[in-house]
Amino acid sequence: MTGILYHGQPNGPSFTVLAAAFEKGVDLDLHPIDLRAGERHSTALPHPLEVDQSIEGEGPVLVVGDVAMTDSVFLACYLDEAGDGPPIRPIDPYTRWQMMAWCRYVIERVAPAAAALGNAAAPPHAVPVGIASADLAERWQDAVEGRASDTQLADSRAKIVQAVEKIEAQLADGRDWLIGDFSIADLESFAWLAGMRPLVPEAFASAPLTDAWEMRLRARASVAQARDLATVPNPEAIWAPGPEINRWG
């Protein structure tokens with residue numbers, strides 16, 4: 001397959017997609033853009049509805065032919081089908097369901113919390129011109145003006161703590177990876193949690209299984225290749241407005 005991947009620093013959703021592409025041996029034309037500066041909304045980037053209404057906010061965009069696709073888990077699934085490397089989704093139907101359910105948890109609970117905390121720690125400077133989605137533009141404005149309340153930030157920190165507890169419980173039976181063999185669940189979980197260690201240190205203070213899992217993940221060639229694309233010393237501190245905080249708690 002041939003395609004163009006517009007991506008940010010290897011953190012959050014950009015990390016997931018970059019590592020998935022390398023894991024699967026998919027040869028993409030990589031175009032780094034500054035997501036935190038709003039370059040995804042530039043007229044130079046294909047700009048269909050799918051891009052403006054991405055559920056994860058500011059993430060990578062994969063363009064194949066005249067079609068643009070977004071959202072890291074779905075892009076990783078697409079690359080799993082398109083690539084030739086070992087599968088990164090379980091073949092067994094039930095285990096695949098488990099993996100997708102885990103990824104949904106990350107998308108709906110962990111990702112909004114991580115994005116909120118990351119933007120609170122290092123807010124973007126301005127709302128970019130060209131955002132078509134009113135919801136996303138509002139999230140940008142909130143991030144620029146630091147509107148996250150103490151209650152929202154405390155809730156976000158609690159969700160990060162809960163996510164690490166969930167990983168510890170999942171790995172307690174001695175497995176190496178979260179769902180079956182190495183999968184998208186591992187990439188997506190690491191993508192949103194790696195930058196949380198300095199922001200929510202209490203979550204990782206007593207998490208030896210999570211620490212060991214992260215070391216195994218960082219040792220994979222695909223992960224190292226994705227991280228080598230960083231153009232700043234600490235890409236895990238670079239955040240752009242992300243998924244909407246879950247309104248249902």
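In this predicted model, the second largest pocket has a volume of about 300 Å³, and 24 residues form its lining, with Gly 8, Gln 9, Ser 14, Leu 35 and Ile 238 lying nearest its centre. Helix H1, which spans residues 12-24, provides the largest share of the lining of this second largest pocket, namely 3 residues. When the lining of the second largest pocket is sorted by class, 12 residues are nonpolar, 8 are polar and 4 are charged.

The lining of the largest pocket divides by class into 11 nonpolar, 4 polar and 7 charged residues.

Attention may also be given to a single side chain, that of Trp 213, a residue located in helix H9, which covers residues 208-218. Trp 213 has a relative accessible area of 1% and is therefore classed as buried, since that term applies to values under 20%. Leaving aside residues up to four places away in sequence, Trp 213 is in contact with Ile 167, Leu 171, Asp 176, Trp 177, Leu 178, Asp 186, Ser 189 and Phe 190. Asp 228, by comparison, stands 15 residues from Trp 213 along the chain, and the C-alpha atoms of these two residues are separated by 20 Å.

Conventions
Residues are numbered from 1 along each chain as its sequence is written. This is a predicted model: local features need pLDDT of at least 70, side-chain atom pairs count only at pLDDT 80 or more; totals for chains, interfaces and linings use all residues. Side-chain values use heavy atoms; hydrogens and water are left out. Ala, Val, Leu, Ile, Met, Phe, Trp, Tyr, Cys and Pro count as nonpolar, Asp, Glu, Lys and Arg as charged, and the others, Gly among them, as polar. On a 1 Å grid over the protein atoms alone, a cavity is a set of points where a 1.4 Å probe fits but cannot get out, and a pocket is an open set with protein on both sides within 12 Å along at least five of seven lines; lining residues have an atom within 4 Å of a point. Grid points are joined across faces, edges and corners, and a volume is the space filled by probe spheres set on the points. Helices (H or I, at least four residues) and strands (E, at least two) are DSSP runs, numbered from the N terminus. Buried means under 20% relative accessible area, exposed over 50%, partly exposed in between (1.4 Å probe, protein chains only). Contact means heavy atoms within 4.5 Å.
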